[in-house]
Amino acid sequence: MATRVIGAGTLARDLGRWRNVDSDGEIESTRRSARPAYLALAEGIRLLIHDGRAPLGVALPSERDLAGTLGVSRTTITSTYSLLRENGYLISRQGSRSTVALPRDVQHDGSKPARSILAMMAASELPTIDMTYAAMAAPLEMQEAYSVALEGLPAYLGTHGMDPVGVLALREAIARRFTERGLPTEPDQILVTLGAQHGLRLLLNVLTAPAARVLIDHPTYPNAIEAIRDVGARPVPVPLRPESPDKGWDLDGIRSAARQTAATLAYLVPDFNNPTGLLLDADGRAELAAIARETRMTVVIDESMADLHLTGEPQQPPVAAFAKGNEIVTIGSASKSFWGGLRVGWIRTNQPLITKLLGIRSTVDLGTPVMDQLATVHLLANAGTILDRRRDQLRAQRAALVETVAEELPDWRLSYGAGGMSVWAQLPAPVSTALAATAPNHGVLLAAGPRFGVQGAFERFIRLPFTHQEPELRLAVKAIAAAYEALTPRAADPLQPLTCY
């Protein structure tokens, strides 16, 4: 099979104004110390790889074609490709083109954001604040949770320790929490996973087929988009509308998209959508369940952020509480509520589906570590105290972020909902990828807006997590403001379209 190749024109379009380059191959910049053109270009291509706009396994344009399209020397392209190859972003095989890849140490579950080439290569002494992830440090109770788990471990040492369903104590604790929220649940309806992302992947393997359509919020969690694509399915975006009176979800749009595309599966995040923080109200949840029944579509609800309500409003009942059959499947996780390093999640569904999931799981892994499960039992038992403190912390950090953005970037529009861990910032111009490429030079790492969508959307947006401590958040915003100012006046002008080189 012939290798798919990205055209030089397509790559140039996606790169946008990656940098102004003079005739000598040097960057024209307001910064005192300019970087070589090949380094800026390599960083731009790296971002496209992580955004999914330069798909894995495809070949980049020939050096000659790309040099001519971008208007730079052949030597610049050669150096760019060599740098990408050295850092694991290109794989070269004798007699064939170099193809796009990811370094082996890049994780896809979001627990370890990809390290910037600029961070690896640039000789900068600036401290770097990583704003590419939305996760908090572990609470004080985490060490205690593992100590308690260690004390309970002997009861399991006489077994083989591999339980693909999950230890009963944890399944009982999870079922009890669902019941307390208005969704009666038995432990047999719970499958413990290695996080919500793992649960979603198992469900996709069982509930989809190659080329199947999967409805998604737009924007949504980037790793979910990649998981859908990895199983050969096609994400179908239904735009969120934060300004609308129906709390952001276009329910008519979901119904219409399901009917028009014959989608049999949807992945939605109605509990503090990542990245917008929007929350679907009870009426909307009831209608969503009705849409699932009408269209015979299974809806996977991601409740990873469900504990992080920040406005004082009561927590909404689970969407599955409005189901009349098996149309709603719920996934959740301890990672956002407690700690990203705690890779424990769950699926709540019916017994027949759990049986199918176990059949798939046996080919991937043999269960969630017992110690992590026992630690989660302790955390859930003390969730009230822990989560109250963490919500207070997030409120204060969000206020600090919003205040500093208002001071440093007054022309940015911030959208944030009733909870979650991030705000969704709208920029005056479509320069999100350029800003993410420039930001490491000023000491901050950003995830470009297009990562949260499909088809190159959200160049006018960027996600700003508020999971760092207040002093770090203020420093990060100041660094972002400096990076934004460093963009060329033409790129920062909202009335002037971006051009390609």
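Helices (H or I, at least four residues) and strands (E, at least two) are DSSP runs, numbered from the N terminus. By that definition, the protein chain holds 18 helices and 14 strands. This is a predicted model, in which local features need pLDDT of at least 70, side-chain atom pairs count only at pLDDT 80 or more, and totals for chains, interfaces and linings use all residues. Residues are numbered from 1 along each chain as its sequence is written, and side-chain values use heavy atoms, with hydrogens and water left out.

**The chain as a whole**
- Of the 501 residues in the protein chain, 54% are buried, meaning under 20% relative accessible area, whereas exposed means over 50% and partly exposed lies in between (1.4 Å probe, protein chains only).

**Arg255**
- Arg255 belongs to helix α11 (residues 251–261).
- Arg255 counts as buried because its relative accessibility is 14%.
- Neighbours within four places in sequence aside, Arg255 contacts Glu287, Ile291, Glu294 and Thr295, where contact means heavy atoms within 4.5 Å.
- Arg255 and Thr295 are 40 residues apart along the chain, and 7.5 Å separates their C-alpha atoms.

**Helix α6**
- The twelve residues of α6 (residues 141–152) should span 16 Å at 1.5 Å a residue, and the 17 Å between the end C-alpha atoms agrees with this; the expected span is 1.5 Å times one less than the number of residues.
- Glu141, Met142, Ala145 and Ala149 are buried in α6.
- These residues cover an arc of only 105° around the axis, so they lie on the same side of α6; the arc is that of the directions from the helix axis to the C-beta atoms.
- Gln143, Leu150 and Glu151 are exposed on the other side of α6.
- The cover over the buried residues of α6 includes α14 (370–381) and α15 (383–408).
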